[in-house]
Amino acid sequence: MALKKFFACCFCLVCGITTVPAQKQLTGKASYYSDKLHGRKMSNGERYHRDSMTCAHKKYPFGTLLKVRNPLNGKEVVVRVTDRGPFSKRYVIDLSKAAARELGFIRKGFCQVEITRIHPNRIPFRPEDAEEIPELHLEYQDIVTYPVPAWRQEMLDEKKPQPTKIKKLKIDKK
């Protein structure tokens with residue numbers, strides 16, 4: 001009996017460790033998009049512009065804001081995920097040319113970076129002690145509760161004809 005409890009505790013411990021959320025900060029190499037891609041469609045349907053602050057990441061959902069920091073010079077930039085990639089094991093993120101220029105690695109072509117996801121309810125560059133933006137809770141109303149236009153009201157006022165009952169016919173059997 002004690003052996004079963006021991007294995008159950010070990011199983012729970014292993015499951016608990018493997019389901020711990022990933023680190024908030026990710027490090028790895030970053031590259032940037034070529035000028036050849038300027039004007040082409042990205043995975044989310046938007047067109048790439050080399051002067052926009054966008055990036056490509058394999059796992060973050062489209063529209064996620066990421067703070068990318070170059071630890072060598074301390075420069076930071078906030079980018080939005082608009083594409084999938086990079087599909088090379090060496091790189092973690094692909095940045096737009098403007099973001100790479102801000103981080104200062106245009107000449108080198110790649111750079112070691114630290115990536116942090118920005119909370120969606122917080123505004124970047126706003127002090128942490130500032131008030132949080134309240135979340136909107138939208139409620140949908142049924143279509144029946146909306147006002148009915150005058151031209152449709154007349155149709156609703158008229159009584160709908162009741163379905164007629166079918167009379168039983170007497171059939172002579174011969």
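A charge is said to sit over a ring if NZ of Lys or CZ of Arg is within 6 Å of the ring centre and within 35 degrees of the ring normal. By that rule the charged end of R84 sits over the ring of F62, 4.3 Å from its centre. This is a predicted model, in which local features need pLDDT of at least 70 and side-chain atom pairs count only at pLDDT 80 or more, while totals for chains, interfaces and linings use all residues. Residues are numbered from 1 along each chain as its sequence is written, and side-chain values use heavy atoms, with hydrogens and water left out.

**Overall layout**

- The protein has 3 helices and 6 strands, where helices (H or I, at least four residues) and strands (E, at least two) are DSSP runs numbered from the N terminus.
- Read from the N terminus, the order of elements is α-β-β-β-β-β-α-β-α.
- Of the 174 residues, 22% count as buried; buried means under 20% relative accessible area, exposed over 50% and partly exposed in between (1.4 Å probe, protein chains only).
- Among contacts (heavy atoms within 4.5 Å) with a separation of 6 or more, 67% are between residues 24 or more positions apart.

**Aromatic pairs**

- Rings of Phe, Tyr and Trp (its six-membered ring) pair if their centres lie within 6.5 Å; planes under 30 degrees apart count as stacked, over 60 as edge-to-face and the rest as tilted.
- The count by this rule is 3 aromatic pairs. One of them is the edge-to-face pair of Y32 and F105, with 6.0 Å from centre to centre and 65° between the planes.
- This pair links distant parts of the chain, 73 residues apart: Y32 belongs to strand 1 (residues 25–32), and F105 to the loop between helix 2 (97–103) and strand 6 (110–117).
- Y32 counts as partly exposed because its relative accessibility is 25%, whereas F105, at 2%, counts as buried.
- Y33 and Y48 form a tilted pair, 4.8 Å centre to centre with 55° between the planes.
- Both Y33 and Y48 lie in the loop between strand 1 and strand 2 (54–56), so their pair ties together parts that are 15 residues apart in sequence.
- Y33 counts as buried at 7% relative accessibility, and Y48 counts as buried at 3%.

- On a 1 Å grid over the protein atoms alone, a pocket is an open set of points where a 1.4 Å probe fits, with protein on both sides within 12 Å along at least five of seven lines; lining residues have an atom within 4 Å of a point.
- The second largest pocket holds about 150 Å³ of space, the volume being the space filled by probe spheres set on the points, which are joined across faces, edges and corners.
- Its lining is made up of L26, H57, K58, K59, P86, Y91 and V92.
- That lining divides into 4 nonpolar, 1 polar and 2 charged residues.
- P86 is in the loop between strand 4 (76–83) and strand 5 (91–95) and counts as buried because its relative accessibility is 5%.
- The C-alpha atoms of P86 and H57 are separated by 6.5 Å, although these residues are 29 apart along the chain.
- Beyond four places in sequence, P86 touches A56, K58, Y91, V92, I93 and D94.

**T64**

- T64 lies in the loop between strand 2 and strand 3 (65–69) and, at 7% relative accessibility, counts as buried.
- Leaving aside neighbours within four places in sequence, T64 is in contact with V79, R80, V81 and R117.

Notes. Ala, Val, Leu, Ile, Met, Phe, Trp, Tyr, Cys and Pro count as nonpolar, Asp, Glu, Lys and Arg as charged, and the others, Gly among them, as polar.
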